[in-house]
Amino acid sequence: MNIPFLDLKVQHQDLRAELTQVFNEVLDSGWFIQGNQLALFEQEYASYCGTKHCIGVGNGLDALHLILRAYGIGAGDEVIVPSNTYIATWLAASYAGATPVPVEPDLATYNIDPALIEAAITPRTKAIIAVHLYGQMADMDAINDIARKHGLKVIEDAAQSQGALYKGRLSGGLADAAGHSFYPGKNLGALGDAGAITTNDDALADQLRMLRNYGSQIKYKNEIKGFNSRLDELQAAFLRVKLKKITQWNEQRRALARIYQQGLQQLPSLTLPYVPEWADPVWHLYVVRCAKRDELQQYLQAAGIGTVIHYPIPPHLQGAYAELDMATGSLPISEKIHSEIISLPLDPYLSSADAHRVLEVVRQFAA
């Protein structure tokens, strides 16, 4: 591809000296699990998100799963999830032993529609997971109001929204707890799988620190049945390097998104991202909808431009959830979104010239 969808080699070449330095520091320390790098990253990321606690874990799915476990949510319980999301959000509920209950999104924002949540609440409902999909914020005040009314926990799936703002407040500190993914392609990405949980709940944080470490606070003393899900020293060190850059990177993403928004707004065949007045997204992905999505993707590929579909099959139509027996047409808004979306190249190292080249080719297709 002349313009790949994402080229992490460019980012890591830019940071090579710093990444190599911290790699050597960790290597020379001889300490690779739950050491000083993790402690420092947890302090720094909690400060960044504006929360009291950050608990590093193995990945974003573990982050959501362990939050549910720490709150005692399990077999016989229900967790409200967006119908339009990556399957990891649903799997977190399943891993805890609970049942995911999908609620359709607002077609404008692609995030869970608060107006539809109450109809999905039953006596078995224990929590709502709100995903900030593509780096666009869910309507957290409305969701939190519903949760308080019904005595439910609210969990942010902040895997794609590091640095995004909702009414001036940062993603990751807007609910009872938040799960974060540092998968390499995220706005803040590790050099492998990694994740974290942020919260202001002291008791939850203590429980999570045990759950991630075999149920242990003191070595070889296991107080509860726990898991092995620990953010290792190398990934913590790499993330500390990148955390210093995330504000700059997010501003570059916003600048590129403005180029796309301005350059594509006159094309009737495309539906562009909608940003509510209370949101300031970080554009983890720049996603448009097109009725001829597959043809558009092929046209861009022929011009040397990489794209990705996030995501081609909604969770309720995946074989993994065949037991829910939800046929095609059961969640029509989500199905429409999944059949039309396509993500255009956007990352902090994409040049404005390349962004304008993408615009040029998309316009040619539309014409």
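Q: Which handedness does the crossing of H9 and H12 have?
A: The crossing of H9 and H12 is right-handed, meaning that the near helix is turned clockwise from the far one by less than a right angle. This is a predicted model, where local features need pLDDT of at least 70, side-chain atom pairs count only at pLDDT 80 or more, and totals for chains, interfaces and linings use all residues. Residues are numbered from 1 along each chain as its sequence is written, and side-chain values use heavy atoms, with hydrogens and water left out.

Q: At what angle do the axes of H9 and H12 cross?
A: At roughly 25 degrees, and the axes come within 10 Å. H9 covers residues 246-264 and H12 residues 352-366. Helices here are DSSP runs (H or I, at least four residues), strands are too (E, at least two), and both are numbered from the N terminus. Axes are lines fitted to C-alpha atoms, for helices over the stretch in contact, with angles from 0 to 180 degrees between N-to-C directions.
A: That angle makes H9 roughly parallel to H12. The classes are: under 35 degrees roughly parallel, over 145 roughly antiparallel, 65 to 115 roughly perpendicular, the rest oblique.

Q: Which residues in H9 and H12 meet?
A: H9 brings Leu256, Ile259, Tyr260, Gly263 and Leu264. H12 brings Ser352, Ala355, His356, Val358, Leu359, Val362 and Arg363. Contact means heavy atoms within 4.5 Å. By class, the H9 and H12 residues are eight nonpolar, three polar and one charged. Ala, Val, Leu, Ile, Met, Phe, Trp, Tyr, Cys and Pro count as nonpolar, Asp, Glu, Lys and Arg as charged, and the others, Gly among them, as polar.

Q: And H10 with H12, at what angle do they pack?
A: About 130 degrees, with the axes 10 Å apart; H10 is residues 293-302. H10 and H12 are therefore oblique to each other. H10 passes H12 in a right-handed crossing.

Q: What meets what in H10 and H12?
A: Glu295, Leu296, Tyr299 and Leu300 of H10 meet Val361, Val362, Gln364 and Phe365 of H12. That contact has six nonpolar, one polar and one charged residues.

Q: Switching to cores. Which residues in the largest nonpolar core touch the most other members?
A: Leu68, Ile73, Val79, Ile155, Ile197 and Leu208, in a core of 30 residues. A nonpolar core is a set of buried Ala, Val, Leu, Ile, Met, Phe, Trp, Tyr and Cys residues joined through side-chain atoms within 4.5 Å. Buried means under 20% relative accessible area, exposed over 50%, partly exposed in between (1.4 Å probe, protein chains only).

Q: Which elements give two or more residues to this core?
A: Strands S1 (53-57), S2 (78-82) and S4 (125-131), plus helices H4 (60-70), H5 (87-96) and H7 (202-211). H4 gives the largest share, seven residues.

Q: What is Ile73 in contact with, leaving aside neighbours within four places in sequence?
A: Leu68, Val79, Ala96, Ala98, Lys126 and Ala127.

Q: How do H4 and H5 pack?
A: At about 40 degrees, with axes 8 Å apart. That makes H4 oblique to H5. Their crossing is right-handed.

Q: Last one, Gln37. Buried or exposed?
A: Gln37 is buried, with a relative accessible area of 12%. Gln37 lies in helix H3, residues 36-49.

Q: Which residues is Gln37 in contact with, beyond four places in sequence?
A: Glu25, Val26, Glu233, Ala236, Ala237 and Arg240. The C-alpha atoms of Gln37 and Phe238 are separated by 9.3 Å, and the two residues are 201 residues apart along the chain.
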